[in-house]
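Please follow the account below with the sequence and the three-dimensional model side by side. It begins where the two chains meet and then turns to each chain and to selected details.

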Amino acid sequence: MLDFSKFTLENGLDVIVHEDHRCPIASVNLWYHVGSKNERAGRTGLAHLFEHLMFEGSAHHDSGYFAPLQQAGGSLNGSTNCDRTNYWEVVPTNALELALWLESDRLGYLLPALTSEKFENQREVVLNERRQTYENRPYGLALMALTASLFATDHPYHWTTIGHADDIRAATLDDAHAFFQTYYHPGNASLTVAGDVDTAAVLELVRQHFEEIPAGPPIPPVRIGENSGPGAAPRSEDTRLRLEDRVALPRLYLAWRSPRLFAEGDAGMDLVAEVLAGGKTSRLYRRLVHERQIATEISASQGSRELDGWFSIMATAAPGQELVELEQAIDDELHALAESGPDEAELSRCFTQVDVQFIYRLQTVGGFNGRSDQLNAYNVYTGDPGFMNQDRARYREITAGQVAGLAHRLREPGRVALSVVPAGSADRALPGSRPAVVS
Amino acid sequence: MIARADRSRMPEPGPVPPTRFPTVACRQLSNGLALRTVEHPGPPVVTFWLMMPVGSAADPAHAHGLAALTADLLDEGSVERNGRAFHEALAGIGARLGTEVGPDSTTISISTVVQHALEGVGLLAELVARPRFDPADVGRVRDLRRSRVQQLRSDSGAVADRVFIETLFEGHPYGHLGLGTAASLASLTTGDVVAFHRDAYHLGSATLIAVGALSHQQLGDAAEQTFGALPVLPADPGVITAPADLATVGPSATRLVLVDRPGAVQSELRIGHVAVARDNPDYHALQVLNVVLGGQFVSRLNQRLREEKGYTYGVRTGFDCRRAPGPFALHGSVQADATTESVQEVLTEMAAIGADRPVTAKELEMARAALTRGFARGFETAGQVARGVASLVLHGLPAEYYDRFVPAVEAVDAVAVTAAATAHLRADEAVVVIVGPAEALASELTGLGLGEPLQVEA
């Protein structure tokens, strides 16, 4: 679906170029194959804190990265998840060299400019990001409670990317330097340049800016402990947790371990999510929100990541309704889907819904989830920037029977049920729930 | 051999590539409905927006939330088919329905892949012209929206937005959020919805905007086949209040409002006042002023509160330029123990930029550059283009306006920015809304000199 050229420099940097001449802009998108999965206990949150430091200046431009790029009419940002960290700029084409100069300077020459003053400032900013996005937001700590329970302490998805507040406070400038030296290498990165550009000219510019950066040592492997690895016994019992929060309406989260990204069953779980909660024709919306009116909102998603996945269903209780009712109604629908599978028209709509996402996703060249971000994602996770075609095709092969089989797995024991209830109403959690530990 | 980059200085970007807003073709369908089409080559996507210049400001005083409830109910089915069948039809072509109700306008949109353009715009016409408004659906959707009101009371950002607008625009059509309140929603009936739809959705003042990877002819044909036979009645002056008829609002007597959120680790802040309408002649100078003050990452307020102090994940300011004067506001949340200091910083910077610390030459250049050089980025997708056209139509701006935007911003000089700040930024009238831990804050807030905080419920 996307034309591109891929090159690999001698230092290991993957370079992908995608031409699209409709709009006079260029997108620079750089993925580093490092995320919170690479952190160690006691220093969670370091990958994300480090991402912030990448915007604070490098040896040859020792001040903020926003100023020169906004001056050039560009936009820029970055993000961190459990598997990777990405950085991007979208600039008018005349500023492409500026963006590459800056990206290469922070890869090649960050540490001389990384001072304790910057580190302390961004640590405070990140603690405020944590307060804003998790601690002071309704239901904001639910994801932390879920992943901490789904994944044992020896699994790198046990903690969330924002990290523990105490770990963020404990991190040092030395930790940041070591993190950079360990993970920020050309060989651990994938650079995509897309937009109104010429492939040969881009390659030349990239070589001028990135070739001088040494390859760096190999990346330490990510370890999944024996309690969580493929050999570990599956959970034989459900877990029930509760969290009291500043919320008006109780909410139920059900979560399961599920196939990792692109593994057998991953695409099928996307269709399970679509059948259950994709829009107003979905089974759970019809039953819980529309007909019985016991829930105000419903969602389901297959969160597939590089090492592992988790499938989750979320339902918020309507005023006066209790989570036990919601759980029972969801179980009834899971049972029905596992028994009979989706009907033909239902499955066909789900195919269409999933399939058009691939077209809508083509609309932007840069930024989060734009074409350059997708090319890098496919390159980092599969080695093939053009994997979009296979990604799209894998949905078409899924049968109603397979969807039923995957739904059946959600009927087996081992799930985590998290009740988030208004503070002081612990009794509105599912019976037998124990307090979740979050910070 | 490839030459190494020169690291002794950053590359200077060359001339900015010329960029133009795509051509907007204007015509009327055979029934008189205004149509705007834009050819937008690229991914095979098309979007149809029906924009009506009636929004939540048209809610009757006793019926806040009616405009938004009416829009929300459209997809519960048409005269021809019920809500379920309607959504099955939407899903069957992979279409997405969008509903936006702002203070001044309502926009209903459908986006789909080009091969389903005709079916998509047909569904849009069906839900707008012949909604079902079954009383059972009205009651159910109204209750869902009441639950939402209840839920948002524990969301500090939503509480701050509501209290801020209620304080600034007390008794004014802009003085409530589109969602309405639990009490106002409870009183709404199917009759209210049917009447509002009759008065506001009559197409006499509406504009259909079509943008996508099709020709003007194809877009126009699809529009004609679906919307062309619908009745178009003239605009009803009883519903659409002309901006000039909206009462002007004086400065708020209340300067400091505190909503208690016991034990909260941050304070949510809204700081500002009623400012200007979209037709204000200082519009472009205000855009430049805003970029310097708080409109982007590199702005005085974000640099100070985030990059120097570390008190926040980020703050932003903006002039919400509506058909009648809308709010200027700072949005953001700060760690609770830095609340008073942060508020003081904001008020100080608001005052300084029109007085003792006017924009510098460097700031001016950066702000103008950010607005003009980044222009092309804003119109990459069909949806972005449609939004741009909808804004032109709503504010009565010419189809070529976006080509005038860059020169107009480039013409803004320091004198104009200072004059705009002096005229339209009034730190000494600003209302400060804080949603935070009252017990910890109440005593120190008096140091702001804004009087005793008015404490209100979330």
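The contact between the chains draws 64 residues from chain A and 58 residues from chain B, where two residues are in contact if their C-beta atoms, placed from the backbone, lie within 7 Å. On the side of chain A that touches chain B, at least two residues each come from α2 (66-71), β5 (85-92), α3 (96-108), α4 (116-135), α8 (199-210) and α12 (344-360). Of these, α4(A) gives the most, with eight residues. By class, this side of chain A holds 24 nonpolar, 25 polar and 15 charged residues; Ala, Val, Leu, Ile, Met, Phe, Trp, Tyr, Cys and Pro count as nonpolar, Asp, Glu, Lys and Arg as charged, and the others, Gly among them, as polar.

The model is predicted: local features need pLDDT of at least 70, side-chain atom pairs count only at pLDDT 80 or more, and totals for chains, interfaces and linings use all residues. Residues are numbered from 1 along each chain as its sequence is written, while chains are lettered from A and ligands numbered from 1 in the order in which they are written.

Chain A has 15 helices and 12 strands; helices (H or I, at least four residues) and strands (E, at least two) are DSSP runs, numbered from the N terminus. Its C-alpha atoms fill a box of roughly 60 × 50 × 40 Å along the principal axes. In chain A, 55% of the 439 residues count as buried, that is, 20 or more other C-beta atoms lie within 10 Å of their own, with C-beta atoms placed from the backbone. Of the contacts in chain A with a separation of 6 or more, 79% join residues 24 or more positions apart.

Chain B contains 16 helices and 12 strands. Buried residues make up 53% of the 458 in chain B. Residues 24 or more positions apart account for 81% of the chain B contacts with a separation of 6 or more.

Two helix pairs in chain B may be compared. The axes of α1 (residues 66-73) and α4 (residues 135-152) of chain B come within 10 Å and cross at roughly 120 degrees; axes are lines fitted to C-alpha atoms, for helices over the stretch in contact, and angles run from 0 to 180 degrees between N-to-C directions. These two helices, α1(B) and α4(B), are therefore oblique to each other, since angles under 35 degrees count as roughly parallel, over 145 as roughly antiparallel, 65 to 115 as roughly perpendicular and the rest as oblique. Here B:L69, B:D72 and B:L73 meet B:D137, B:V138, B:V141, B:R142 and B:R145, giving four nonpolar, no polar and four charged residues.

The axes of α12(B) and α14(B) (residues 401-410) come within 9 Å and cross at roughly 175 degrees, so the two helices are roughly antiparallel. Their contact joins B:R368, B:L371 and B:T372 to B:V406, B:V409 and B:E410.

B:T381 lies in the loop between α12 (361-373) and α13 (382-394) of chain B. With 22 other C-beta atoms within 10 Å, B:T381 is buried. Leaving aside neighbours within four places in sequence, B:T381 is in contact with A:Q363 and A:T364.

Conventions
A residue is buried if 20 or more other C-beta atoms lie within 10 Å of its own, exposed if 12 or fewer, and partly exposed in between; C-beta atoms are placed from the backbone.
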